[in-house]
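Please have the sequence and the structure open while I talk.

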Amino acid sequence: MKEALKIQNRNDVSLDETWDLSDLFTNFEDWEKHFVNLPKEEEIEKIIENKFKNKLSQSPKILLDCIQFKETLSRKLQNLFVYASLRGTEDTSNTQATEAVGKIESKMSLLFSKFAFMNPEILTIHNLELWLEEEPLKPYQFNLSELIRSKKHILSEKEEAILARVSVPLRTFDEIHSKWNNADLKFSSVLDSFGNSHIVSNSRYSLNLQSQDRTLRKNTFDSYYTEIAKWRNTITSNYFGNMVSGSNIAKIRNFSGFLEGELFYDNIPIDLYDGLISEVKKNIELLHRSMKLRKKILKLDSVYPYDRSVTLYESKENPSFTWEQGRDLVLKAIAPLGNEYVEIATKGLTQERWIDRAENEGKRSGAFSWGTYDSRPYILQTWNGTLGDVYTLAHELGHSMHTYYSNKNQSYHNAHYTIFVAEVASTLNEALLSNYIMTHMKGSDLAKSVLSENLENFEGTVLRQTLFAAFEREASKIVDKDETFTPEKLENIYLDLNKYWYGDISSFPEFVKYEWMRIPHFYSAFYVYKYATSYCASLALSESFFENENLAREQVFKILKAGGSKSPLQILKDAGIDFLTPTPVANAFKNYQKNIQRAEEELS
């Protein structure tokens, strides 16, 4: 019997597999020097009292100086926070990083609380809208107009200061879940059908579930959720703390409930959120049809949750990619976005070490792109060489390139784009990757694997994320009514949604109802629906490349360069995608139906 491989320690990882964070700080000693040089609380207080407080209405110049004073401080704090956080994701057991994150979070809370007077005072300026039409405030027109829109949700200076101070402890629910998910959970190794032992970890879980060996898949699933289930009371309490805090703050800010409060800042109507869930339910039979096809191709008695990630096309050799092969494939696929785009991405992935890709003990699960206005983009991923890893790279690179172009084309105050727009650039890169493989390698094993991948991506991003969104919607209704969570209540909601989504062709073992506990995005409330809407938008953009490549590229760059200079719905509308109509989601399901039919013809 083979022994399971041991995961390497962070110190053993080669430099070229790690990111270069020197744009921010060279090490924690350097970080500490900058941290101790931050202005003291009383210094900020004195400047505000002498220069800004109760004076903002005197002239546009004073208001501008106050805004820019806060921005300068914010950039310093953000660099410190992001560096400490990135170091923490490399190895979640790194106590130095944990302490640094705690220190900078506390500092941010203290210093930003001193600016609690700003918004309430700005909103008392009677001629503010006239000021925004002219210099020097015209560059801040969108930001300050958004503040005016939020007027009834801005509290008094004292109340805003209180909320600023409590923001740090209210973020600990996410941190608790992250520590639990990445450091505390310990899974038993499992055997495959040949008696070989396999590691079960957050990063290996998805890999094992892609195996053709159903024994390995089932044993991995059982090992994973046997451990997860032990924590059902703890995680239910933690999630309740996160949700009830958000609901109460929303009500304090005069919103009807948690969902309205979260959607407000992107200017997204609740009808769009509920409409997405409704549109998916209208088309749920297509998912049932896909599950029926999966059952037939894989020769299953029934489709279990651990059967959904297996490719529908088993090539003679499972697609496997070295880092260099996967990277170069992605760079070829994004060629429709233009030479400059490809050159910048190539440099980032080959010379500037944008990506941290090694697997090591304690590394945060999943993948993300992050960075600051003053740094290069950073990507965290664990490279195992699967086709899924190639898609993840394409996805995160899309985020990083979006950040790059936003930072280059917008001032600091307009550079930060919202998540509603963010996922468009990332999922567009995935769509371009699929288009490249299915066009340039037509009929190949890889192209057939990608056809399967396309189905899985749509199901995982549009259908599954909308299931998560529906779960959050139900959970929020409970806390908005001042009721509490119980493990049974949340488990039943989650299980019922799964049964509706996946239908009679599927089976639902006991452990399915615990799956909600492991979803980290639930601690960024009402985030996951944006994956679904963004995927629909990126499908529309990717298909437009077949019709008019130059026009399609122009539309994409309208999004990439806009940053946060307009509302997200307006940015997408400028690129030809209107989410105030059902058209983007409806068209996405037509694409899904076309791929199911193609798979029925080519793969079954």
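Let me start with a pair of helices: the axes of H3 and helix H4 (residues 95-113) come within 8 Å and cross at roughly 160°, where axes are lines fitted to C-alpha atoms, for helices over the stretch in contact, and angles run from 0 to 180 degrees between N-to-C directions. Helices here (H or I, at least four residues) and strands (E, at least two) are DSSP runs, numbered from the N terminus.

Before I go further, a word on the source: this is a predicted model, in which local features need pLDDT of at least 70 and side-chain atom pairs count only at pLDDT 80 or more, while totals for chains, interfaces and linings use all residues. Residues are numbered from 1 along each chain as its sequence is written, and side-chain values use heavy atoms, with hydrogens and water left out.

Back to the pair, then. H3 and H4 are therefore roughly antiparallel to each other, given that angles under 35 degrees count as roughly parallel, over 145 as roughly antiparallel, 65 to 115 as roughly perpendicular and the rest as oblique. Their crossing is left-handed, a term for the near helix being turned anticlockwise from the far one by less than a right angle, with right-handed used if it is clockwise. On the H3 side the contact (heavy atoms within 4.5 Å) includes Leu 73, Leu 77, Leu 80 and Phe 81, and these belong to a set that meets H4 residues including Val 101, Ile 104, Met 108 and Leu 111. By class, the contact of H3 with H4 has 12 nonpolar, 3 polar and 4 charged residues, where Ala, Val, Leu, Ile, Met, Phe, Trp, Tyr, Cys and Pro count as nonpolar, Asp, Glu, Lys and Arg as charged, and the others, Gly among them, as polar.

H4 has a further partner in helix H1 (residues 28-36), the two packing at an angle of about 15° with their axes 12 Å apart. H1 and H4 are therefore roughly parallel to each other, and H1 passes H4 in a left-handed crossing. Phe 28, Glu 29, Trp 31, Glu 32 and Phe 35 of H1 are the residues that meet H4, where Ala 97, Ala 100 and Ile 104 are among the partners.

What angle do helix H20 (residues 419-440) and helix H23 (residues 529-547) make as they pack? The angle is about 45°, with the axes 7 Å apart, and that makes H20 oblique to H23. The crossing of H20 and H23 is right-handed, and the residues of their contact divide into 13 nonpolar, 7 polar and 2 charged.

Turning to the sheet, 3 strands form an open sheet in the order S3-S5-S4, with mixed pairing; two strands pair if DSSP finds at least two bridges between them. The edge strands are S3 (355-356) and S4 (368-370), each of which pairs on one side only. S3 and strand S5 (residues 378-380) pair in the parallel sense over 2 bridges, and Asp 356 stands opposite Leu 380 in S5. Helix H3 (residues 60-90) lies across S4 and S5, running at about 155° to S4.

Now some individual residues. Phe 255, in the loop between helix H12 (232-252) and helix H13 (258-264), is buried, with a relative accessible area of 5%; buried means under 20%, exposed over 50% and partly exposed in between, with a 1.4 Å probe and protein chains only. The C-alpha atoms of Phe 255 and His 153 are separated by 7.4 Å, although the two residues are 102 apart along the chain.

Ile 478, in helix H21 (residues 445-480), counts as buried at 8% relative accessibility, and its contacts include Phe 485, Lys 489 and Ile 493.

For backbone geometry, the peptide bond from Glu 135 to Pro 136 is cis, with omega near 5°, and Pro 136 is found in the loop between helix H6 (128-131) and helix H7 (141-149). Asp 482 has a positive phi of about 65° although it is not a glycine; Asp 482 lies in the loop between H21 and helix H22 (487-502), and at 63% relative accessibility it counts as exposed.

Methods
Lists of a residue's contacts leave out its neighbours within four places in sequence.
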